[in-house]
Amino acid sequence: MKPETVQSLSTSRRGFLHCLGLAGAGTVLAPHLTLALAESTHRSEQLVRFPEKTDLILRTDRPPQLETPLKYFRQDLTPNEAFYVRWHLEGIPTSVDADRFRLEIDGHVEKPLSLSLAELGSQFERVSLVAVNQCSGNSRSFFEPRVAGGQWKNGAMGNARWTGVRLRDLLDRTKTKAGAVEVAFSGLDRAAMSGTPNFVKALEIEHARDSEVMVAYQMNGTDLPMLNGFPLRLVVPGWYATYWVKALNHIQVLPEKYHGFWMDKAYRIPTSPNGNESPDHLAPETTPINRLSLRSLFVRPEPGEQISSRAPFEIEGIAFDSGTGIQRIEVSTDNGGSWKGARLDQDLGKFSWRRWRFDWKPPSPGKHQLKVRAFNRGGEQQTTTLWNRAGYMRNVIEQTEVKVL
Amino acid sequence: MQARHGRSAGRRGPQPARPRDHQRKTRDLPTPPGCCRQDYFRATWAFAVPLVASLCFLAACGTLFSDVRAATPEVQATNNVRSITMPHFEPDLPIAPGCDEYLVVCVSCHSPRYVTMQPLFPQRQWEETVDKMVKVYGAQMDPAQRASIVQYLVATHGPNSAPATAGDEDSDFTSAARPSSRPETGPSLSLAAQDQGRLRQVERGDELFKQNCAGCHGATGRGDGVVAQVLLRKPKNLASTRFSMSFLSQVLWNGKRGTAMPSWRGLAHPDLEALSAYVLTLHTAVQPDQPSKEALTHGNQVFQKNCAQCHGERGDGKGPTATTLLPEPASFKLKQPDFDYVLQVVSEGIPGTAMPSWKNQLSQSDLQALAGFVRSLFEPR
């Protein structure tokens with residue numbers, strides 16, 4: 001993008017294009033300038049209130065894409081009303097009769113099931129775990145070159161306690177036939193146009209039966225909000241949220257691999273390491289997106305936050321991976337010159353995010369560049385660059401600027 | 001893994017049926033005094049089941065199914081329906097060539113905001129995106145519309161896009177004027193003259209309707225498809241109004257700007273004719289007698305005083321303020337709403353449009369006279 005674009009857009013009255021133009025143009029400039037520009041556009045974000053939700057950042061309204069403001073990540077469990085929202089098809093369920101709702105489980109099974117919510121709650125063991133739910137495209141707006149799709153910052157994720165039943169227990173009850181290969185999942189959402197493919201996701205049978213995948217009827221101890229999938233949601237711990245089918249009402253066991261748009265064409269990543277490719281050399285092969293990449297993020301200071309040089313400041317953030325476990329977090333307060341270990345808060349479970357803290361005494365007033373990187377128990381660490389055509393799995397080492405007064 | 005799962009063997013399973021605070025937002029029945037909620041609903045069921053059965057029987061006998069359905073207490077008989085109403089935050093759109101095509105092709109499936117949130121892309125990338133909408137998601141457009149839409153996207157979200165003239169992107173709601181270009185006249189569609197030919201058209205139209213229209217208009221065309229609930233401007237109840245062929249032709253060809261009704265010019269002409277033939281069969285209501293001359297005069301007075309500003313003196317939808325409104329005011333020459341439907345719309349207004357509620361301004365006799373007059377303007381063609 002040419003620098004003059006910045007000029008023409010910065011004089012525009014239209015706040016939103018202004019924002020996009022600056023963020024896009026800034027990335028060819030020095031990284032710290034990008035941050036400063038991004039920060040200056042922060043105000044143009046619109047907060048809106050949807051049913052059963054608190055003020056969330058509006059990305060789009062129909063079907064809704066609503067982002068969680070960063071401040072909520074100061075809590076270990078993201079409140080239901082602040083949990084981000086993302087639907088694909090326009091016909092989202094706006095009315096559910098909980099008495100008449102049935103979860104159908106059929107396909108390659110001896111005994112198909114049609115379960116009411118009451119049956120689901122009384123006939124199967126109740127299980128619970130804390131897990132991060134993160135959209136595949138979380139942080140997409142930070143990719144350069146920019147890519148199309150929901151223009152999320154870091155708030156298309158949340159951490160919640162999910163309570164429900166093991167998918168394995170449901171499948172056992174249906175007496176899955178020998179030779180089952182995959183299990184397909186779909187919910188109550190429908191498209192406006194008959195040509196639009198229904199939203200169906202699939203997991204391999206071994207994964208579906210691993211005792212971790214669950215059908216959740218509660219989120220943080222209460223019913224799920226309608227916009228997060230009331231009354232049932234598939235929980236696939238450690239996997240990107242595209243598999244966490246909302247308003248889940250159909251589970252189909254298949255004797256072959258599932259083929260459908262949302263598995264074969266959409267939500268695919270390059271097979272190259274970390275899903276990386278370049279705009280000039282797109283990866284020849286892709287595979288369905290799967291496990292969460294290792295990442296660590298700043299929660300405080302927030303972008304643009306000003307702190308005092310007279311008192312120590314506790315830098316705080318979160319880190320997670322797909323379940324291997326965070327081993328250590330390192331923070332740099334001198335733009336990557338040196339790194340020191342951060343403290344880890346208690347472990348809430350291997351699929352939860354882990355809070356980290358780092359006490360910092362700012363050495364001098366002025367602007368400081370902070371960075372954070374995570375290492376997991378599998379020996380993985382974060383990288384400095386990542387790009388792919390769909391803007392998925394962003395997990396580069398985060399940087400934020402803080403102004404010390 | 002299992003060890004990580006918390007157990008609470010002594011606890012009951014989920015209580016999804018428990019009335020909770022969200023019930024304030026649901027379609028609650030008032031609880032009669034001295035009656036606990038649960039008992040009340042149990043009692044409701046006791047009479048509801050036989051009532052539903054008998055109503056179904058009546059429906060099967062060919063009585064007015066729509067009215068019966070409206071009276072069916074099945075929704076009221078459950079105390080556990082959880083409902084939400086979706087808000088709308090549509091952006092004001094920049095005016096540029098192709099805006100009309102964008103409005104009648106793209107916003108059926110997604111808010112215009114889906115585009116306004118995107119970064120600036122070069123033409124090639126917008127072309128790929130538009131083609132993906134057609135090939136992957138089944139968007140309906142012909143090559144000329146595709147070209148116009150790409151032109152619009154490049155103009156407003158291209159690398160050299162100029163600041164738009166439409167105003168503030170942050171405004172919550174699309175209320176501003178749109179380009180006032182009149183939509184093109186649709187193709188000349190005709191219905192088969194012979195009964196058998198017409199029957200075939202209707203059958204084909206039924207098939208097309210289920211494929212393409214039922215998502216919004218519902219399987220029986222009553223405007224109650226699965227998508228209807230999330231739309232601000234509700235899909236038309238096609239049983240409520242008698243349409244002229246020129247109206248159907250124009251709407252199918254151009255879509256309806258300012259609503260989710262797309263243009264269907266991707267369909268072949270015989271299919272558009274079949275769809276029209278089918279839609280005409282959805283309107284079956286028997287109409288009241290032609291009003292008296294006095295009533296028409298009265299209705300005309302009410303109309304000229306209150307309605308002509310938008311709908312035009314002659315009711316053709318071309319009043320002085322019409323060009324500033326989206327969706328455009330109805331032309332009563334092209335369609336004839338049922339008497340009761342006029343009463344309903346005039347009393348309640350149409351949410352998301354410029355049509356207000358008149359129930360506090362007009363008397364009952366004004367309303368009745370107005371409805372008769374509006375219906376008299378129809379010119380079936």
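Burial first, since I need the rule: a residue is buried if 20 or more other C-beta atoms lie within 10 Å of its own, exposed if 12 or fewer, and partly exposed in between, with C-beta atoms placed from the backbone.

Housekeeping. I am working with a predicted model, where local features need pLDDT of at least 70, side-chain atom pairs count only at pLDDT 80 or more, and totals for chains, interfaces and linings use all residues. Residues are numbered from 1 along each chain as its sequence is written, and chains are lettered from A and ligands numbered from 1 in the order in which they are written.

**Entry: confidence**

I checked pLDDT, the predictor's confidence in each residue, from 0 to 100. Chain A has a mean of 90, with 89% of its residues at 70 or more. Chain B averages 77, and 74% of the residues score at least 70. For the complex, the predictor gives an ipTM of 0.85 and a pTM of 0.77.

Where does pLDDT stay under 50 in chain A? I found that stretch at residues 1-43, for which the model has 67 contacts beyond four places in sequence. A contact here means two C-beta atoms, placed from the backbone, within 7 Å. In chain B, residues 1-77 stay under 50, with 68 contacts beyond four places in sequence. Residues 163-180 of chain B are also below 50, and this stretch has 44 contacts beyond near neighbours in sequence. Where pLDDT is low, the predicted coordinates should not be read in detail.

S139(A) sits in the loop between strand 8 (127-134) and strand 9 (157-166) of chain A. Helices (H or I, at least four residues) and strands (E, at least two) are DSSP runs, numbered from the N terminus. Is S139(A) buried or exposed? S139(A) counts as buried because it has 24 C-beta neighbours inside 10 Å.

N335(A), also a non-glycine, has a positive phi near 60°. I place N335(A) in the loop between strand 20 (326-332) and strand 21 (340-341) of chain A. N335(A) has 14 C-beta neighbours inside 10 Å, so it counts as partly exposed.

Next, cis peptides. F230(A) to P231(A) is cis, with omega near 5°, and P231(A) is in the loop between strand 12 (214-219) and strand 13 (233-235) of chain A. In chain B, L326(B) and P327(B) are joined by a cis bond with omega about -5°. P327(B) lies in the loop between helix 12 (308-311) and strand 3 (335-337) of chain B.

**Entry: cores**

A nonpolar core is a set of buried Ala, Val, Leu, Ile, Met, Phe, Trp, Tyr and Cys residues joined through C-beta atoms within 7 Å. The largest has 155 residues, and M214(A), V215(A), L234(A), V235(A) and I149(B) touch the most other members. Helix 10 (residues 269-282) of chain B gives the most to this core, seven residues. Another core, of 15 residues, lies apart from it and includes V346(B), A369(B), L370(B) and A371(B).

I followed up L234(A): beyond four places in sequence, its contacts are F185(A), V215(A), Y243(A), W244(A), V245(A) and L248(A).

**Entry: helix pairs in chain B**

Chain B has 14 helices and three strands, and buried residues make up 38% of its 381 residues.

Helix 7 (residues 195-212) and helix 10 of chain B pack at about 95°, axes 7 Å apart. Axes are lines fitted to C-alpha atoms, for helices over the stretch in contact, and angles run from 0 to 180 degrees between N-to-C directions. That angle makes helix 7 of chain B roughly perpendicular to helix 10 of chain B (under 35 degrees is roughly parallel, over 145 roughly antiparallel, 65 to 115 roughly perpendicular, the rest oblique).

**Entry: E379(B)**

With 13 C-beta neighbours inside 10 Å, E379(B) counts as partly exposed. Leaving out residues up to four places away in sequence, E379(B) touches S244(B) and K333(B).
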